[in-house]
Amino acid sequence: MKRFLFYFIGLFISAVGITGVIVAELGTGAWDSVFVGLTNKVGLSPGSWNIITGGLLMLFNASLAKKKPEFLSFLTVFILGVFIDINLFLYSFIDIVTLPEKMLLFAISFVCMALGVGSYLQAKFPPTPIDSLMMVVHKRFNISMAFSRLICEITALTTGLFLAGPVSYGTVVIVLAIGPCIQYAYRKMDVLYNRPKKKAAVA
């Protein structure tokens with residue numbers, strides 16, 4: 001039960017953060033700029049493009065890691081994509097107009113993104129292909145999780161710029177800071193997740 005709670009709550013919090021950043025209109029995350037750019041140019045929703053891109057990355061990750069594709073990771077990206085579209089629908093009833101409001105929403109949403117990823121990774125269920133890519137690069141090239149995330153974010157940012165996605169000052173903040181924040185959140189959530197188990201072992 002604890003694993004499922006960390007998993008679903010983490011995915012939901014992450015989706016709340018992603019959609020909040022999109023609504024704030026101060027620049028989305030690098031990957032989200034790709035999804036929004038595809039939505040504006042091709043159609044479909046950002047959540048749908050999250051799912052489609054996730055499926056393609058799932059195959060790429062398997063090739064990079066020289067393992068079979070983690071098909072269960074598609075469930076993760078599907079749930080996240082659905083949560084994103086649900087939250088975007090809910091945000092459509094809220095007016096975020098002034099700059100201070102947008103900045104506050106961006107800050108809260110950024111924290112949610114890091115906490116969400118740090119939470120659902122504790123369940124040890126297959127992560128989203130985007131986060132799995134971070135982990136694969138981290139292990140494959142023996143680099144830190146933060147630097148691995150930075151490489152992935154810069155790659156996505158380049159694609160987002162090509163698609164004329166919502167890239168702005170906030171995007172730079174996310175690209176530079178999301179890796180270290182996820183790493184910090186992951187460690188804190190790891191302590192929270194394993195604390196009861198450690199106490200039981202001592203007892």
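I counted 17 positive and 9 negative side chains in the protein chain, with the centres of the two sets 17 Å apart. For this count Lys and Arg are positive and Asp and Glu negative, while His and the chain ends are left out. Each charge is placed at NZ of Lys, CZ of Arg, CG of Asp or CD of Glu.

Notes on the source. The model is predicted, so I kept to its limits: local features need pLDDT of at least 70, side-chain atom pairs count only at pLDDT 80 or more, and totals for chains, interfaces and linings use all residues. Residues are numbered from 1 along each chain as its sequence is written, and side-chain values use heavy atoms, without hydrogens and water.

Next I looked up the fold. I found 8 helices and 0 strands in the protein chain; helices (H or I, at least four residues) and strands (E, at least two) are DSSP runs, numbered from the N terminus. The radius of gyration is 17 Å, close to the 17 Å from the globule rule for 203 residues, so the chain is as compact as a globular protein of that length. That radius is taken over C-alpha atoms, and the rule is 2.2 Å times the number of residues to the power 0.38. I noted spans of about 55 × 35 × 25 Å for the C-alpha trace along its principal axes.

I then checked burial. Of the 203 residues, 50% count as buried (under 20% relative accessible area; exposed is over 50%, partly exposed in between; 1.4 Å probe, protein chains only).

How many salt bridges does the structure hold? I found 1 salt bridge, defined as a side-chain nitrogen of Lys or Arg within 4 Å of a carboxyl oxygen of Asp or Glu. Its partners are Lys102 and Glu25, at 3.3 Å from N to O. Lys102 sits in helix α5 (residues 99-120) and Glu25 in the loop between α1 (2-24) and α2 (30-41), so the pair ties together parts 77 residues apart in sequence. Lys102 is buried at 16% relative accessibility, whereas Glu25 is exposed at 59%.

Last, I looked up backbone angles. Most residues other than glycine have a negative phi. Leu44, not a glycine, has a positive phi of about 65 degrees. I placed Leu44 in the loop between α2 and α3 (46-65), exposed at 54% relative accessibility. Asn142 also has a positive phi, near 55 degrees. Asn142 lies in the loop between α6 (129-140) and α7 (145-162) and is exposed at 70% relative accessibility.
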